[in-house]
Amino acid sequence: MSAPTTAREVRDLVADLLARHDPATTERTAFLNARWEAGLAWVGFPVGLGGLGAPRALQQVVEAELAAAGAPDNNPRRIGIGLGMAAPTILTFGTDEQKQRFLRPLWTGEEVWCQLFSEPGAGSDLAALGTRATRDGEDWVVTGQKVWTSTAHTARWAILVARTDPDVPKHAGMTYFVCDMTDPGVEVRPLRQITGEAEFNEVFLTGARIPDAHRLGEVGDGWRVAQTTLMNERVAIGGREVPREGGMVGVVSDTWRAHPELHTPEALDRLTKLWVESEALRHAGTRMRQQLAAGSPGPEGSAMKLAFARLSQALSGFEVELLAEDGLRHGEWTMFRPELVDFTGRDAGYRYLRAKGNSIEGGTSEILRNIIAERILGLPSEPRVDKDVPWKDLPR
Amino acid sequence: MSPAPDRPEQDLLYSDVEEELRASVRALLAARADSARVLGRVEDEQPLDLDLWRALAVDLGATSLPIPEALGGQGAGLRETAVVAEELGRSVAPVPFLGSAVLATGALLHLLGQGAERGGPDAQAEAALTRLAEGAATAALVIPLSTYPGGPLPAVSADGDALTGTVRSVADAAVADLLVVLAGDVLFLVEAAAARVTPVVSLDLTRPVADVVLDATPGVRLSGSGEAAVRAAVLVGAGILASEQVGIAEWCLSTTVAYLKERYQFGRPVGSFQSLKHRLADLWQELVLARAAARAAADALATGAEDLEITVLVAQSLCAAVALHAAEEAVQLHGGIGMTWEHPVHLYLKRAKADEIALGTPGRHRAALAPLVGLTA
């Protein structure tokens, strides 16, 4: 069968799936596995890997049809790192065996993934990372510390970048692995953040063993593989379709409407200005998706992420200030480990504090500005002192 | 809360036809309105370039895009008009596009639309649009360029068909053959030669304004609601101006980026200093949002979208600020040369500053927007 190219063909395939597996009577995981086998998990993926080799744009048709039929989904927010980061990397760099082993339970949500990239000493300068992987027979033995790992406590697998050769310059000596989070050498500790809870973790690797068969890409090619992961992360952060007043601007506008006693002309003008920018950001998202669909993706993704972080912070800060007496009070500081993160959830104080992370996670706004300036505007880079120095000789 | 329309038909890209139009306008402007030439004529007695205007009108049909083909226009729409405005903004070409092809044309087209509803378009309005479409005449809408959506309109009085009043700071009036004048709720056509039109020294060297004095000046009365037509034209103008502002911002950003790559200080291109790169990256990010907002406004104007007013007010309040920020950053980041008369960046600063006021400041647009989206004081 040749790959479907029209919405009608895809609708027929969805109808066939629904006829064979009634969502009302089929258990969730069984339905998701049937959907995988029908190639309707992600139609842009190859046949045999949950896809049909069809145009990616047709995925919207599948999602709309299945949602209309009341079919269960794979709770994408719970498995975002697997879907948005691990999957495209495995698809690009994995062996056939790796693709067959990992992608299906990743997509159905039977196996949760996390990401072991950042370290206490390697944040924006990710390529400086020092977690060591040394070869021992058919295995690699990994020792080091990772940080800012969301879902580490629920994850079965991790994507991991480690240093395999300290004697070459930093970008050349890294290798990319799939790490088993149930290995006895892996210890996960919650990392409490400014909101009081622990959405993230620290992960301590002490002689954790990874079979060489779980290496992604060549030894020493980890930086290039990681770029694929990070590019997909940035697309995932800025690219969601939202209705007018979706996200932070809607929450804060509703707070405004609910509290006429707090209104001042100055505050109204400030809120309207943020409303305008949020609406323009929404248009920019629409425009970016239209460019993608037309086959000419632009570099707008990094602009979207910068603007998203700035507006989330400005809006949530405005809300706390507006609330005055109530802005002085806070819901709770209790330490717990949330399974899902909602930037606009809970209360104004939480939103304000959580938004501070938006300009740090997934590439700080400063690093994004460097990327825009150098890769999009073509401006020269700062002089580099670390480019040709073996990693082991770098000051740290 | 405002409706959140699901508009899959909304198109924020540039079509192939629009890109072709852009290419031909850009080629004409490169040949006839390079910055040396534009700068060279700003202190002439007539800074507006009427030869270039005729080439735009007659050779490219770029000044009559929204006028129906039956009246000799292109029968295209406001999306295309916006693309021309973007290119004219990029070159700050001194032509009466905003006053004639956008504002005066917009008011007359609105009258035609009203006439169609009443069962008969106004023949005089049709005749005027035909003259504009042929490039045989240039028009100006006699309102202060600072007129804003929902704001006061000039108080010209009509005694029969004799008009009396003074309107200050009218865009492109100095070269207009035809003046479109609002008196009460009636639009009049006035031959400019019969009025007293006095150019004034203008902040914007490439879009000078003039004062119009009418003293029992004869006008031709047009049928329909003149006030509705003028208010519609102000909204169209504000939406199209957003695209001009995108063009201004784009020129300022790309010119500054190019300069910072070749300017060396401390043994390095100054464009390699992070503090400057980050400012340019921020500008680029603003431009991405401004372009999306301006395209949304052009598309909404072209399709008469339900949320047209919201979309235009969003675009104008954002794009005015982005263009001005880009121009101010361009002056600063050029250093000393940016402060000289000989470098063209001041033409963009002056245009961007005047555009901030034109058809309503960002604050006026926000004030008009807020109640439309359920944000009230």
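**Close-up views of a predicted two-chain model**

**Figure 1. Strand E7 of chain A and its pairing with strand E3.** In E7(A), A:Glu202 is the bridge partner of A:Val147. The model shown here and in the following views is predicted. Nine bridges link E3(A) to strand E7 (residues 200-211) of chain A, and the two strands pair in the antiparallel sense.

**Figure 2. The hairpin of strands E2 and E3 in chain A.** Strand E2 (residues 132-136) of chain A runs antiparallel to E3(A), and five bridges join the two. One bridge partner in E3(A) is A:Trp140, which pairs with A:Arg135. The hairpin has two residues between its strands, and A:Gly137 takes a positive phi near 65° there.

**Figure 3. The two faces of strand E3 in chain A.** In a regular strand, side chains alternate between the two faces of the sheet. Strand E3 (residues 139-147) of chain A has a covered face made up of A:Trp140, A:Val142, A:Gly144 and A:Lys146. On its uncovered face are A:Asp139, A:Val141, A:Thr143, A:Gln145 and A:Val147.

Figure 4. For residues 114-198 of chain A, UniProt gives the feature "domain: Acyl-CoA oxidase/dehydrogenase middle", from an unreviewed entry. Over these residues the chain is 0% helix and 44% strand, with end C-alpha atoms 15 Å apart. For chain B, an unreviewed UniProt entry lists "domain: Acyl-CoA dehydrogenase/oxidase N-terminal" at residues 16-135. That stretch of chain B is 68% helix and 0% strand, and its end C-alpha atoms are 26 Å apart.

**Figure 5. The surroundings of A:Leu281.** This residue lies in helix H8 (residues 265-293) of chain A. A:Leu281 counts as buried because it has 26 C-beta neighbours inside 10 Å. Apart from neighbours within four places in sequence, A:Leu281 is in contact with A:Met304, A:Ala307, A:Phe308 and A:Leu311, and also with B:Leu289 of the other chain. A:Phe308 is 27 residues away from A:Leu281 along the chain, yet their C-alpha atoms are separated by 7.5 Å.

**Figure 6. The side of chain B that touches chain A.** The contact takes 40 residues from chain A and 37 residues from chain B. On the chain B side, the elements that give two or more residues are helix H7 (226-262), helix H8 (274-303), helix H9 (308-333) and helix H11 (362-372). Among these, H8(B) gives the most, with 14 residues. By class, this side of chain B has 22 nonpolar, ten polar and five charged residues. For the complex, the predictor gives an ipTM of 0.93 and a pTM of 0.91.

**Figure 7. Helix H8 of chain B.** The end C-alpha atoms of H8(B) are 43 Å apart, which agrees with the 44 Å that its 30 residues should span at 1.5 Å a residue. Of these 30 residues, 23 are buried, so H8(B) is largely enclosed by the rest of the structure. Just after the helix, B:Gly304 takes a positive phi of about 60°.

**Figure 8. Confidence along chain B.** The mean pLDDT of chain B is 95, and 98% of its residues reach 70 or more. Over residues 1-7 of chain B, however, the pLDDT is below 50. In the model, this stretch has 15 contacts beyond near neighbours in sequence. Where pLDDT is low, the predicted coordinates should not be read in detail.

Definitions and conventions
Residues are numbered from 1 along each chain as its sequence is written. Chains are lettered from A and ligands numbered from 1 in the order in which they are written. This is a predicted model: local features need pLDDT of at least 70, side-chain atom pairs count only at pLDDT 80 or more; totals for chains, interfaces and linings use all residues. Two residues are in contact if their C-beta atoms, placed from the backbone, lie within 7 Å. Helices (H or I, at least four residues) and strands (E, at least two) are DSSP runs, numbered from the N terminus. Ala, Val, Leu, Ile, Met, Phe, Trp, Tyr, Cys and Pro count as nonpolar, Asp, Glu, Lys and Arg as charged, and the others, Gly among them, as polar. pLDDT is the predictor's confidence in each residue, from 0 to 100. A residue is buried if 20 or more other C-beta atoms lie within 10 Å of its own, exposed if 12 or fewer, and partly exposed in between; C-beta atoms are placed from the backbone. Two strands pair if DSSP finds at least two bridges between them. UniProt positions are given in the numbering used here, feature names are shortened, and annotations may be inferred rather than shown by experiment. The expected span of a helix is 1.5 Å times one less than its number of residues.
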